[in-house]
Amino acid sequence: MKYKHYAPKTKCILVESGVNQISKINNDLIPKNNNCCVLGFVEDKDYINVPEDRFISLGSKNNLGEVSSNIFSGLRQIDRLNCDFAVIEGVEEKNLGLSIMNRLVRACENNII
């Protein structure tokens, strides 16, 4: 990966969009990392097991225009929370989602599950 433009200093992992996305976050990532935050979608906030102050909303996954305008502020907020680890929810890679995922993959330095 040539550029890491606008990447947080905090280690980040991108969780690909899909049926098991929330269970991967809750079962595989959060229990192993006590001091973590999640950059995710407002619809999933109540289902992800992190304290409310450690959840950063990208907006609605049904409004990718809103998500794309919130990406950079969300990535900067990850570092302001001073966490050891961040989990980022991905979107489906089609249309605007392709550009969003391109940015998130770079921010996560290609750490994807």
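A residue counts as buried when its relative accessible area is under 20%, as exposed when it is over 50%, and as partly exposed in between. By that rule, buried residues make up 41% of the 113 residues in the protein chain. The model is a predicted one.

**Overall build**

- The protein chain has three helices and four strands.
- Along the sequence, these elements come in the order β-α-β-β-α-β-α.
- The radius of gyration of the protein chain is 13 Å, which agrees with the value near 13 Å that a compact globule of 113 residues would have.
- A box of roughly 35 × 30 × 20 Å, taken along the principal axes, holds the C-alpha atoms of the protein chain.

**The largest pocket**

- The volume of the largest pocket is about 150 Å³.
- Its lining includes Ser 17, Gly 18 and Gln 21, as well as Phe 41.
- Lys 61, Asn 62 and Leu 64 are also among the lining residues, and so are Gly 90, Val 91, Glu 92 and Lys 94.
- Sorted by class, the lining has five polar, three nonpolar and three charged residues.

- Not counting residues up to four places away in sequence, Gln 21 touches Val 15, Glu 16, Glu 89 and Gly 90.
- Met 101 sits in helix α3, residues 96-107.
- Met 101 has a relative accessibility of 3% and therefore counts as buried.
- With neighbours within four places in sequence left aside, the contacts of Met 101 are Leu 14, Gly 90, Val 91 and Glu 93.
- Leu 14 is 87 residues from Met 101 along the chain, while the C-alpha atoms of the two are separated by 9.1 Å.

**An exposed residue in a helix**

- Ser 69 is part of helix α2, which covers residues 64-80.
- At 54% relative accessibility, Ser 69 is over the 50% limit, so it counts as exposed.
- Ser 69 and Gly 59 are 10 residues apart in sequence, and their C-alpha atoms are 9.2 Å apart in space.

**Residues with a positive phi**

- Most residues other than glycine have a negative phi.
- Asn 95 is not a glycine, yet its phi is positive, at about 55 degrees.
- The place of Asn 95 is the loop between β4 (85-89) and α3.
- Asn 95 is exposed, with a relative accessible area of 69%.
- Glu 109 is another residue other than glycine with a positive phi, in this case near 55 degrees.
- Glu 109 is found in the segment after α3.
- The relative accessible area of Glu 109 is 47%, which makes Glu 109 partly exposed.

Technical notes. Residues numbered from 1 in each chain as written. Predicted model: local features only at pLDDT ≥ 70, side-chain atom pairs only at ≥ 80, totals over all residues. Heavy atoms only, no water. 1 Å grid on protein atoms, 1.4 Å probe; cavity = no way out; pocket = protein on both sides within 12 Å on 5 of 7 lines; lining within 4 Å. Points joined across faces, edges and corners; volume = space filled by probe spheres on them. Nonpolar A, V, L, I, M, F, W, Y, C, P; charged D, E, K, R; others polar. Helix = DSSP H or I, 4+ residues; strand = E, 2+ residues; numbered from the N terminus. Rg over C-alpha atoms; globule rule 2.2 N^0.38 Å. Buried < 20%, exposed > 50% of the residue type's maximum accessible area, 1.4 Å probe, protein only. Contact = heavy atoms within 4.5 Å.
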